[in-house]
Amino acid sequence: MIQILRTDSQNPDFKDLVSLLDTDLAKRDGEDHSFYAQFNGITHLKHTLVLYEDDMPIACGAIKKFNETSVEVKRMFVLPENRGQGFASKILTGLEEWAKELGYKTCVLETGLRQPEAIALYKKNGYQVIANYPPYVGIANSVCFKKDL
């Protein structure tokens, strides 16, 4: 049974999944990790999702205000053994629905060239590559996306 919980960054399951995400990103990003890590704090995230399969937390994601009309998608992660089953798309769709309920019109996000599966996910879900926005302007590994809701 699949359940998606709306919560915040204080949720222990969200924190555990983000810790695994950070470990994965540290390996992928290498010496660039400290640059990216400074923009990925979770302390003040008020809109997070945790996806459970049979009561086990297996995926997460979050949104945070980017500007008056947009949110930024953050902290997307699915346990490696649960990938390829559509869970990331379920989280992304849930975040988009929540953003619309909150009155936002657009989602933006940043991912890295070293995360080809993330790039494929966002393209599959209707996101368009845009010019890198601050603080990612000029960062060769960063790929920024936008989707109108």
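Guide: Gladly. Two strands count as paired if DSSP finds at least two bridges between them. In this predicted model, an open sheet of seven strands has the order β1-β2-β3-β4-β5-β7-β6, and its pairing is mixed.

Visitor: What makes β1 and β6 edge strands?

Guide: Each of them, β1 (2–7) and β6 (128–130), pairs on one side only. From one strand to the next, the twist averages 30 degrees.

Visitor: How do you know that β5 and β7 pair?

Guide: The requirement is at least two bridges, and β5 (residues 106–112) and β7 (residues 142–148) have seven, in the antiparallel sense. Within this pairing, Val 108 stands opposite Lys 146 in β7.

Visitor: Which helix packs on the sheet, touching β1 and β2?

Guide: That is α3 (residues 87–101), which also touches β3, β4, β5 and β7. Its direction makes about 145 degrees with that of β2. Helix α4 (residues 116–124) lies across β4, β5, β6 and β7, at about 160 degrees to β5.

Visitor: Why is Ser 9 called buried?

Guide: Buried means under 20% relative accessible area, and Ser 9 has 2%, so the label applies. Ser 9 lies in the loop between β1 and α1, where its contacts include Phe 14, Ile 42 and His 44.

Visitor: And which residues have the most contacts inside the largest nonpolar core?

Guide: They are Phe 14, Val 73, Met 76, Tyr 122 and Tyr 127, in a core of 38 residues. The largest share, six residues, comes from α3. Tyr 122 touches Met 76, Leu 92 and Phe 145, among others.

Visitor: Why are Tyr 122 and Tyr 127 called an edge-to-face pair?

Guide: Ring centres must lie within 6.5 Å, with planes over 60 degrees apart. Tyr 122 and Tyr 127 are 5.8 Å apart centre to centre, with 65 degrees between the planes, and form an edge-to-face pair. Tyr 122 is buried, at 6%, and Tyr 127 is buried too, at 3%.

Visitor: What parts does the pair of Phe 66 and Tyr 133 tie together?

Guide: Phe 66 lies in the loop between β3 and β4 and Tyr 133 in the loop between β6 and β7, so the pair ties together parts that are 67 residues apart in sequence. This pair is edge-to-face, at 4.9 Å and 70 degrees.

Conventions
Residues numbered from 1 in each chain as written. Predicted model: local features only at pLDDT ≥ 70, side-chain atom pairs only at ≥ 80, totals over all residues. Heavy atoms only, no water. Helix = DSSP H or I, 4+ residues; strand = E, 2+ residues; numbered from the N terminus. Axes fitted to C-alpha atoms, helices over the stretch in contact; angles between N-to-C directions. Contact = heavy atoms within 4.5 Å. Core = buried A, V, L, I, M, F, W, Y, C linked by side-chain atoms within 4.5 Å. Buried < 20%, exposed > 50% of the residue type's maximum accessible area, 1.4 Å probe, protein only. Phe/Tyr/Trp six-rings, centres within 6.5 Å; stacked < 30°, edge-to-face > 60°. Lists of a residue's contacts leave out its neighbours within four places in sequence.
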